[in-house]
Amino acid sequence: MSFGETPITIVGNLTGDPELKFTEGGAALAKFTIAVTPRSFDRTSNQWKDGTTAFYRCAAWRTLAEHITDSLKKGSRVVASGRMRQHDWTTEQDEKRSMLAVEVDDIGASIRFTTVTINAKPVQKTGPAGDDPWAATGGAAQTGDEPPF
């Protein structure tokens, strides 16, 4: 992780099945959203209360992206760690856009409320850039392109 990046760990549920795409250079990209709803115990009513749900747009690259789409689905409870990134781009109508998103470095199923079976696969580096997730995009979206998230 580089200096100045904001590390983040998210525990929540996928809001939909992860979407797998490939860049022009052949790098796999998984896009998905994690919903996080904080809960607190209300002693006066003796019940758990849900707070406001936050939705985190996430992306993962290469082998991790392929494993995510093979392993996780809508509703999966996950623990994801990565970096919060701001993405700026310009639309075809020359409108400037910006968004925060999480670039996921690692993710796994939470086994707090369920069990899972692990199927080990050999790890392969995909593409000439190896593990550099920004090599395929040049580090940022180009004018008129949607961001990688």
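A: Begin with burial: a residue is buried under 20% relative accessible area, exposed over 50% and partly exposed in between, with a 1.4 Å probe and protein chains only. Aspartate 94, at 61% relative accessibility, counts as exposed. This is a predicted model, in which local features need pLDDT of at least 70, side-chain atom pairs count only at pLDDT 80 or more, and totals for chains, interfaces and linings use all residues. Residues are numbered from 1 along each chain as its sequence is written, and side-chain values use heavy atoms, with hydrogens and water left out.

Q: What share of the 149 residues in the protein chain is buried?
A: Buried residues make up 32% of them.

Q: How many helices and strands does the protein chain have, and in which pattern?
A: Helices (H or I, at least four residues) and strands (E, at least two) are DSSP runs, numbered from the N terminus. Along the sequence the pattern reads β-β-β-β-β-β-α-β-β.

Q: Where does aspartate 94 sit in that pattern?
A: Aspartate 94 is in the loop between β7 (77-90) and β8. Its phi is near 65 degrees, a positive value in a residue other than glycine. Asparagine 46 can be read likewise: its phi is near 60 degrees, also positive in a residue other than glycine. Asparagine 46 belongs to the loop between β4 (39-42) and β5 (47-50) and, at 57% relative accessibility, counts as exposed.

Q: How do I read strand pairing, and in which sense do β3 and β6 pair?
A: Two strands pair if DSSP finds at least two bridges between them. Strand β3 (residues 28-36) pairs with strand β6 (residues 54-61) in the antiparallel sense, over eight bridges. Valine 36 stands opposite alanine 54 of β6.

Q: Which strand runs parallel to β6?
A: Strand β8 (residues 96-109) does, and two bridges join β6 to it. Cysteine 58 has valine 102 in β8 as its bridge partner.

Q: What should I keep in mind about side chains along a strand?
A: In a regular strand the side chains alternate between the two faces of the sheet.

Q: What share of the contacts with a separation of 6 or more joins residues 24 or more positions apart?
A: A contact means heavy atoms within 4.5 Å. Residues 24 or more positions apart account for 65% of the contacts in the protein chain with a separation of 6 or more.

Q: How many salt bridges does the structure hold?
A: A salt bridge is a side-chain nitrogen of Lys or Arg within 4 Å of a carboxyl oxygen of Asp or Glu. The structure holds eight. One of them joins glutamate 19 and lysine 21 at 3.5 Å, N to O. Glutamate 19 is partly exposed at 36% relative accessibility, and lysine 21 is partly exposed at 32%.

Q: Is glutamate 103 buried or exposed?
A: Glutamate 103 is buried, with a relative accessible area of 1%. Its side chain meets that of arginine 83 in a salt bridge of 3.1 Å, N to O. Glutamate 103 lies in strand β8 and arginine 83 in strand β7, so this pair ties together parts that are 20 residues apart in sequence. Arginine 83 is buried too, at 9% relative accessibility.

Q: What does arginine 85 do with glutamate 103?
A: Their side chains meet in a salt bridge of 3.2 Å, N to O. Arginine 85 is in strand β7 and glutamate 103 in strand β8, so the pair ties together parts that are 18 residues apart in sequence. Arginine 85 counts as buried at 17% relative accessibility. Salt bridges that share partners join Glu5, Arg83, Arg85, Glu103 and Asp105 into one network.

Q: How is a pair of aromatic rings described?
A: The description uses the distance of the centres and the angle of the planes. Rings of Phe, Tyr and Trp (its six-membered ring) pair if their centres lie within 6.5 Å; planes under 30 degrees apart count as stacked, over 60 as edge-to-face and the rest as tilted. The count here is one aromatic pair. Phenylalanine 41 and tryptophan 48 form it edge-to-face, 5.4 Å centre to centre with 70 degrees between the planes. Phenylalanine 41 is partly exposed at 37% relative accessibility.
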